[in-house]
Amino acid sequence: MRAIHPPLECLPLYGAASSRAIEQHHAHLPLMERAGLAVAKLALALWPGAGSIWVACGPGNNGGDGLVAARWLAAHGLPVHVSLSADAGTLPPDAAAAHARALAAELAIHAEPPEAVPALIVDALMGLGLSRPPTGAVAASLHRVANFAAQGVRVLAVDLPSGLMADTGTALGEHTVRADHTLSLLTLKPGLFTGAGRAHAGQVWFDDLGVSTHGVEHPADAELLGDDALHPAPRDATAHKGSQGSVRVVGGAAGMEGAARLAARAAL
C-alpha cells in the first residue's frame, strides 16, 4: 500500500470495465480477503485511538470488502458498528461468503447506521457497479455519512467514494461521499483524478493486492502523470526545437480557449 497523491511516477489508470476484466483474470485469488485486510490496516492507522468505527456496507462486492475489513478490525479488539444496506440474500457470491464469515466470527451486522457519532467511517457502500444515483437504504446511509462528516468525522472510502463514477469522476446524487482518504484496490481508477474526483477522494492510496496487470488483455485506459514526467533528461548543449519532439494541444472548446493557449505557449 502506498500514497498516490501527489504521484511520484507515471501510473496506469483502469476504468470500470478494465478493472472488472483484471479482477476476473485473477478470480482464482482471494482478492476480497486481501482487499478487506488492506482496508482494515489503513482504517487502523487512521483510527484516533478511541471511539467506534462505522463500517457502512452496500449491496455489492464493495460491501463485501467492508465486511472483511470489519471482521479484521473486530478481531483486533476495536469497537465496530457494521451496517448492511441490502438484503443479505441478494449479495453477489464473494460478498455473500464474506457475510457468512463475518457471522461465523460473531460479528453483529445491523440494518441501520449507528445513532452515536463514530470516530471513523469506512465507506463501503458503492463501488464500480454504480450506474445511477443511489436510492433507498444506500441513499439513507449516504445521508448519515454526510451528517457525521459535517461534524468532523473522518471518512475512509473503499475503492471509490460512494456516488463517484469510476471512469469520469462524475458525482451522482446529492450526498456523494467526500472522503478524507480513499484506498483504491487492485487498480487505480480515472475518476479519482478527473471531474469531481479530486474534491471527493481526499488522499488517495493504492494497494494492488499482490496482482500484476501484465498479460491482461485490457490495456490501461489512461495514465496518471507523475513527477518523473515533469523532469526529462538533461538536454544537450546543442539541442534545439527541432530535436525535442513535438507537442499536440487538444482543447479549445467554446469559452475554454485560454487553457489551450497557455499550454501551447508553455510548450513553445
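How many nonpolar, polar and charged residues are in the lining of the second largest pocket? The legends below take up this question and others for a model that is predicted.

**View 1. The second largest pocket and its lining residues.** In this predicted model, the second largest pocket has a volume of about 420 Å³. Sorted by class, its lining has six nonpolar, four polar and two charged residues. Among the residues that line this pocket are Arg235, Ala239, His240 and Lys241, together with Gln244, Gly245, Ser246 and Val247, and the lining also includes Val249, Ala264, Ala267 and Leu268.

**View 2. The largest pocket and the helices that contribute to its lining.** The largest pocket holds about 810 Å³ of space, and of the 36 residues that line it, those closest to its centre are Glu23, Gly60, Asn61, Asn62 and Leu128. Two or more lining residues come from each of helix H1 (16-25), helix H2 (31-46), helix H3 (61-75) and helix H4 (93-104). By class, the lining of the largest pocket has 17 nonpolar, 10 polar and nine charged residues.

**View 3. The one aromatic pair of the structure.** The ring centres of tryptophan 54 and phenylalanine 148 lie 5.9 Å apart and the ring planes stand at 85 degrees, so this pair is edge-to-face, given that planes over 60 degrees apart count as such. Because tryptophan 54 belongs to strand S3 (residues 53-57) and phenylalanine 148 to helix H5 (residues 136-150), the pair ties together parts that are 94 residues apart in sequence. Both tryptophan 54 and phenylalanine 148 are buried.

Note on methods: Residues numbered from 1 in each chain as written. Predicted model: local features only at pLDDT ≥ 70, side-chain atom pairs only at ≥ 80, totals over all residues. Heavy atoms only, no water. 1 Å grid on protein atoms, 1.4 Å probe; cavity = no way out; pocket = protein on both sides within 12 Å on 5 of 7 lines; lining within 4 Å. Points joined across faces, edges and corners; volume = space filled by probe spheres on them. Helix = DSSP H or I, 4+ residues; strand = E, 2+ residues; numbered from the N terminus. Nonpolar A, V, L, I, M, F, W, Y, C, P; charged D, E, K, R; others polar. Phe/Tyr/Trp six-rings, centres within 6.5 Å; stacked < 30°, edge-to-face > 60°. Buried < 20%, exposed > 50% of the residue type's maximum accessible area, 1.4 Å probe, protein only.
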